[in-house]
2 protein chains.
Amino acid sequence: MADPNSLPLSRASVLSAHTLIKPYIHRTPVLTSTYISQLASTPRTAAELEGTPWAGQTPASPKIRFWFKCENFQKVGAFKARGAFHALLRLVESEGWEEGGGRERGVVTHSSGNHAQAVSLASATLKIPSHIVMPRISTPAKIAATQSYGASVLFSGSTAPEREAVVADVIKDTGATLIPPYDHPHVMLGQGTAGLELQEQVLEAQKEVEVGMGRKGLNAIIAPCGGGGLLSGTALSAQGTGIVVFGAEPEFEGADDCKRGLEAGKRIEVVKSLTIGDGLRTPVGVWPWKVISDKKLVRGVYSVTEEQIKATLRLVLERMKVVVEPSSVVGLAVALWNEDFRRVVEAEQGGEEWDLGVVFTGGNVNLEGLGKLFEAK
Amino acid sequence: MADPNSLPLSRASVLSAHTLIKPYIHRTPVLTSTYISQLASTPRTAAELEGTPWAGQTPASPKIRFWFKCENFQKVGAFKARGAFHALLRLVESEGWEEGGGRERGVVTHSSGNHAQAVSLASATLKIPSHIVMPRISTPAKIAATQSYGASVLFSGSTAPEREAVVADVIKDTGATLIPPYDHPHVMLGQGTAGLELQEQVLEAQKEVEVGMGRKGLNAIIAPCGGGGLLSGTALSAQGTGIVVFGAEPEFEGADDCKRGLEAGKRIEVVKSLTIGDGLRTPVGVWPWKVISDKKLVRGVYSVTEEQIKATLRLVLERMKVVVEPSSVVGLAVALWNEDFRRVVEAEQGGEEWDLGVVFTGGNVNLEGLGKLFEAK
């Protein structure tokens, strides 16, 4: 990767990233849902709170209008295309890279998911050879999709050390440059462009429907947090705008490492969770942590259960008729079911409805897996 | 229902229907897919044709650009909202209806699916009481959705005579007016507005992207055919425009009654099929048949297998990331897999790419059913 210090972690750098990657990515649509906004604006019942940490308490009563940034319609079906294009474009423009034979040596990464396809597409588009290390247990569809963009796929075991060993071999053999999935400012700034577009698009939509109503864009954005690339980038995209940024995680088997890390004041380095939000199983990276642990940039991180993720997924599939992967809906799940979050919204909004942006991160579902999730009891 | 002869079966009547229902329905988006258009424009291989009626023959080589009219995003999740609103609005404006106590007597229909929800919504919107007869075996989700719009739901057995007996009882008790799901010109003309919008939207999109390229809108539209309301309405919407209209059916257990009827020169009156295209299990109605059997209005009807419907459904869910029900993709399946249809396109297009409109009819999937369809072997 190019020098991580070449760009400051700031909104200006997200704007600059956007200018650079715009020709290569989709400006994905922003959808709304009256039904789901009404659901979020209806207090949970006592019965619904039973068995939760908020049992017996007065339900929160926030007023929320959602704006869904649909990165499931992005190239490769996920926001990861943004970070990959940005990282590679910065590499291409970095001093001495072309002359030093950087292009011939190519790039390498390890990923079982959307980052693999994103690097494969971005490198093929920019005519850079790429090597993607995937766990041997990846689904055939994911492997085929990664290969279809042009990458050479290598296989490894599933643990981090096993994957890293294969990557190290590739680098030794080819001199390829590593493109990490989230732990680099260029990747984070690329992902942040989704938050930037969301802000612009809500302003445009409000102008269309409510001329003269004095609408001022989003009040807040909530984004899922796995390695933290998207959440940190989104936070930077909102820096200085007054828009409050929140993170969302699954709580299953400790996947809420970011939340726990913030409570402990220290980044948690290892996570072993098999949450259905499979894009969110990794711990927050060192670089994203610098942003996320800054209270001025990320107000708070909240978590939800597997059942809440599943119920929210059903809602989006059945009501909005868009295909999203389970990781995608974790932000929406927090807004619907996490009473701590809902109280913060209620307290901050002072009776005024909040315009809340939600990033749907991707739509690469495995239909067999989805089938199993919703199989009849 | 209002007098079926009050409006001629013509494009002008579809335009008039559109003016009437526009305030009540969504102008649903039209999507494209480079990947799926390329797939349709690639000849099938000899291996793919093995085991089909076209084994050993030269594969067809049509050039197709798809435009998908997404009625899965329509109110109640299906095009049926169009016909229901049109039928009820014509009823309301029919002479003597209000004065004669028509409103108090309300409306009634029988449906296990989208028509039930459509009549429930339209009647609630227009403040007319409605009674919906649903088979006892309907999924709880469908029953709840129908009730949620405000209808009073009654239950019956699953066969046509059982359902009709309950409807007859309702009419005897309340004097309610029957709103049939497809067999009435007002319903057909309402459904045809989807075809009309599709034509307009393609012209608009072509204007945006290809100024001066001399694009002239759609060459053809293909729509699924169950009772024939949508296909006949779509055919009328294209009357006199030069746009060729085709129908599509599942072939499973004789669900291709329209195709067979056209071959025999006589409408087939009874169908007993459990095709996964569950919106297409009914025979074509008497009124739709008048239109569909007119070769000038509908060029031909083609059928596909259950496996082809399933493969197409997977393609739409995985590639386009939109949720559609199996019935929705039967037109696209024909364009991808039916060599008779593909040859007709190739022959008619004379080397020029065709712009082919495809109506995605609805998105009301049962996730449990979808899960079963795609469960891992």
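Across the interface of chain A and chain B, eight residue pairs are in polar contact, both partners being at pLDDT 80 or more. A polar contact here is a pair of N or O atoms within 3.5 Å; within protein, one must be able to donate a hydrogen and the other to accept it, and residues adjacent in sequence count only if both atoms are side-chain atoms. Helix H13 (306-320) and helix H16 (367-373) of chain A each supply at least two residues of the side of chain A that touches chain B, and H13(A) gives the most, with four residues. Helices (H or I, at least four residues) and strands (E, at least two) are DSSP runs, numbered from the N terminus.

A word on the basis of all this: this is a predicted model, in which local features need pLDDT of at least 70 and side-chain atom pairs count only at pLDDT 80 or more, while totals for chains, interfaces and linings use all residues. Residues are numbered from 1 along each chain as its sequence is written, chains are lettered from A and ligands numbered from 1 in the order in which they are written, and side-chain values use heavy atoms, with hydrogens and water left out.

The contact (heavy atoms within 4.5 Å) takes 19 residues from chain A and 19 residues from chain B. Chain A and chain B bury about 1700 Å² between them, 60% of it on carbon and sulfur atoms; buried area is the accessible area (1.4 Å probe) that two parts lose on being put together, summed over both. In chain A, the residues that lose the most area to chain B are A:Lys321, A:Leu367 and A:Glu368, together 39% of what that side buries. Because 100% of the interface residues of chain A are also interface residues in chain B, the copies meet through the same surface.

How are the two copies related? A rotation of 180° with 0.0 Å of shift along its axis superposes chain A on chain B, with an RMSD of 0.0 Å. That is the relation of a two-fold axis. The superposition is by least squares on the C-alpha atoms of residues with pLDDT of at least 70 in both copies. A:Gly371 comes closest to the rotation axis of the residues of chain A, at 1.6 Å (C-alpha).

Now for the charged pairs. A salt bridge is a side-chain nitrogen of Lys or Arg within 4 Å of a carboxyl oxygen of Asp or Glu. The structure holds 34 salt bridges over all chains, and two are found across the interface of chain A and chain B. Some examples follow.

| Salt bridge | N to O distance |
|---|---|
| A:Arg314 and B:Glu368 | 2.5 Å |
| A:Arg27 and A:Glu204 | 2.9 Å |
| B:Glu48 and B:Arg44 | 3.1 Å |
| B:Glu98 and B:Arg103 | 2.7 Å |

B:Arg44 counts as buried at 5% relative accessibility, whereas B:Glu48 is partly exposed at 40%. Buried means under 20% relative accessible area, exposed over 50%, and partly exposed in between (1.4 Å probe, protein chains only).

Finally, some covered places. A:Glu71 lies in the loop between strand E2 (64-70) and helix H4 (80-93) of chain A, and is buried, with a relative accessible area of 0%. A polar contact of 2.7 Å joins the side chains of A:Glu71 and A:Arg82. In helix H14 (residues 330-337) of chain A, eight of the eight residues are buried, A:Trp337 being one of them.
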